[in-house]
Amino acid sequence: MANPAIRTEGLTKVYTEDTKGGLVRKRRVGVEDLNLEIKKGEVFAFLGPNGAGKTTTIKLLTRLLNPSAGRIWILGQTNDVSGSMQNVGYLPEQPVLYGYLTGREFLDFIGRLYGVQKTLRAERIKELIERVGLGSRSDSLIRGYSRGMTQRLGLAQALMSDPELLILDEPLSNLDPIGRKEVRDIILDLKKKGKSIFFSSHILSDAEMVADRVGILNQGHLVTVGDLESLDASRVSSIEVTFAMDSKKVAKLKLDPACTIIQEDRIMTQLKDENKVAGMIKEIDRAGGRIISVIPQKQSLEDYFMTEVGR
């Protein structure tokens with residue numbers, strides 16, 4: 001089996017803070033006993049409320065923080081090995097870039113840091129400027145960029161070395177709806193090319209549109225992790241069955257009146273137990289009814305998220 005893109009084992013970060021004028025040392029958990037495995041070639045969304053520990057986790061993965069305990073593997077190597085981050089692109093939550101450079105100059109600087117050859121560097125810069133939508137602003141000073149433009153440039157620099165793994169902290173923040181769609185499209189395009197993407201987000205609908213799997217973090221602890229298909233199944237709250245039948249025969253079905261709507265010969269009922277659906281369909285058929293649709297009713301990802309965090 002190929003090495004995972006990211007693996008953590010017992011990953012823990014504990015902060016200590018001075019309180020009461022330095023007389024008391026307070027212990028605060030950033031993340032505790034985190035065990036994660038991100039497969040190569042997948043898009044993994046790391047979800048959680050503000051303060052959950054998402055950024056702490058990302059800083060640990062990228063060696064910007066040292067863990068209090070636990071181990072990290074990046075593309076098969078422990079992340080404390082020299083060169084282990086060479087094939088990783090990173091976008092911080094709030095990128096702070098050199099304001100006295102233009103966007104194009106900054107990307108050239110990043111390319112030189114990665115050792116990208118001059119001709120290839122120029123080709124990549126041109127491609128990335130177009131890809132992230134910098135346009136004519138690429139030759140303007142960064143100090144005049146909006147937060148959205150800074151976010152676009154930050155994403156471009158993360159892609160500069162054509163990395164195998166991308167670690168992105170809130171890549172969809174600070175962007176308007178068009179910009180968010182463009183970034184989602186970039187993520188999906190990178191996935192098609194076999195790249196591995198780990199990103200944090202509080203914009204749950206965007207995560208649902210691009211992620212293969214999601215993990216939910218709360219107060220430094222991993223609440224749940226799974227693929228969207230299995231989460232979809234767990235989010236089904238009821239099954240809506242719509243059918244056509246003579247309204248005089250409906251009483252034979254013993255439907256719950258609180259969950260049933262009858263409009264002439266068209267009936268819609270909701271079943272809380274999906275195991276009863278097959279039996280209900282058979283009863284409708286025996287009574288001479290005709291099934292129109294059977295539709296699972298799901299919680300939104302936001303509702304599911306709030307339920308899991310609430311636990």
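Predicted model: local features only at pLDDT ≥ 70, side-chain atom pairs only at ≥ 80, totals over all residues.
## Helix H2 and its buried face

Start with helix H2, which spans residues 103–113. Its buried residues are Gly103, Phe106, Leu107, Ile110 and Gly111. Look down the axis of H2: these buried residues fall within an arc of 140°, so they line one face of the helix. An α-helix has 3.6 residues a turn, so residues three or four places apart point the same way.

What covers the buried residues of H2? The cover includes helix H3 (118–131) and helix H4 (147–159). After H2 comes Gly115, with a positive phi near 80°.

## Helices H4 and H5 side by side

The axes of H4 and H5 come within 12 Å and cross at roughly 10°. Angles under 35 degrees count as roughly parallel, and therefore H4 and H5 are roughly parallel to each other. From H4, the contact is made by Arg152, Leu155 and Leu159. From H5, it is made by Gly179, Glu182, Val183, Ile186 and Leu190.

Thr150 also sits in H4. Is Thr150 buried or exposed? Its relative accessibility is 14%, so Thr150 counts as buried. Setting aside neighbours within four places in sequence, Thr150 is in contact with Pro95, Leu97 and Tyr145.

## Salt bridges across the chain

How many salt bridges does the structure hold? There are 13. The general idea is simple: side chains of opposite charge can pair when their charged atoms come close.

One of the bridges joins the side chains of Arg131 and Asp189, at 2.7 Å from N to O. Arg131 is in helix H3 and Asp189 in helix H5 (residues 177–192), so this pair links distant parts of the chain, 58 residues apart. Arg131 is partly exposed, at 21% relative accessibility. Asp189 is partly exposed too, with a relative accessible area of 28%.

Another bridge pairs Asp162 with Lys195, whose closest N and O atoms are 3.0 Å apart. Asp162 lies in the loop between H4 and strand E7 (165–169), and Lys195 in the loop between H5 and strand E8 (196–201), so the pair ties together parts that are 33 residues apart in sequence. Asp162 is partly exposed at 42%. Lys195 has a relative accessible area of 13%, which means it is buried.

Lys191 and Asp212 also meet in a salt bridge, at 2.6 Å from N to O. Lys191 belongs to helix H5. Asp212 is in the loop between helix H6 (204–210) and strand E9 (213–218). The two are 21 residues apart. Lys191 is partly exposed, with a relative accessible area of 29%, and Asp212 is partly exposed at 24%. Salt bridges can also share partners: Glu127, Arg131, Asp189 and Lys193 are joined into one network in this way.

The largest nonpolar core has 40 residues. Which residues have the most contacts inside this core? They are Leu153, Leu168, Ile197 and Phe199. Helix H4 gives the most to the core, with six residues.

Take Phe199 as an example. Leaving aside neighbours within four places in sequence, Phe199 is in contact with Val43, Phe44, Ala45, Phe46, Leu168, Pro171, Ala207 and Val210.

## Backbone angles with a positive phi

Most residues other than glycine have a negative phi, and most peptide bonds are trans. Leu75 has a positive phi, near 50°. Leu75 lies in the loop between strand E4 (69–74) and strand E5 (77–78). Leu75 is buried, with a relative accessible area of 15%.

Glu170 also has a positive phi, near 55°. Where is Glu170? Glu170 lies in the loop between E7 and H5. At 5% relative accessibility, Glu170 counts as buried.

## A spot on strand E11

Ser237 is in strand E11 (residues 236–244). Its relative accessible area is 40%, so Ser237 is partly exposed. Ser237 and Asp273 are 36 residues apart along the chain. Their C-alpha atoms are separated by 8.7 Å.

Key: Residues numbered from 1 in each chain as written. Heavy atoms only, no water. Buried < 20%, exposed > 50% of the residue type's maximum accessible area, 1.4 Å probe, protein only. Helix = DSSP H or I, 4+ residues; strand = E, 2+ residues; numbered from the N terminus. Arc of directions from axis to C-beta. Contact = heavy atoms within 4.5 Å. Salt bridge = Lys/Arg side-chain N within 4 Å of Asp/Glu carboxyl O. Core = buried A, V, L, I, M, F, W, Y, C linked by side-chain atoms within 4.5 Å. Axes fitted to C-alpha atoms, helices over the stretch in contact; angles between N-to-C directions. Parallel < 35°, antiparallel > 145°, perpendicular 65-115°, else oblique.
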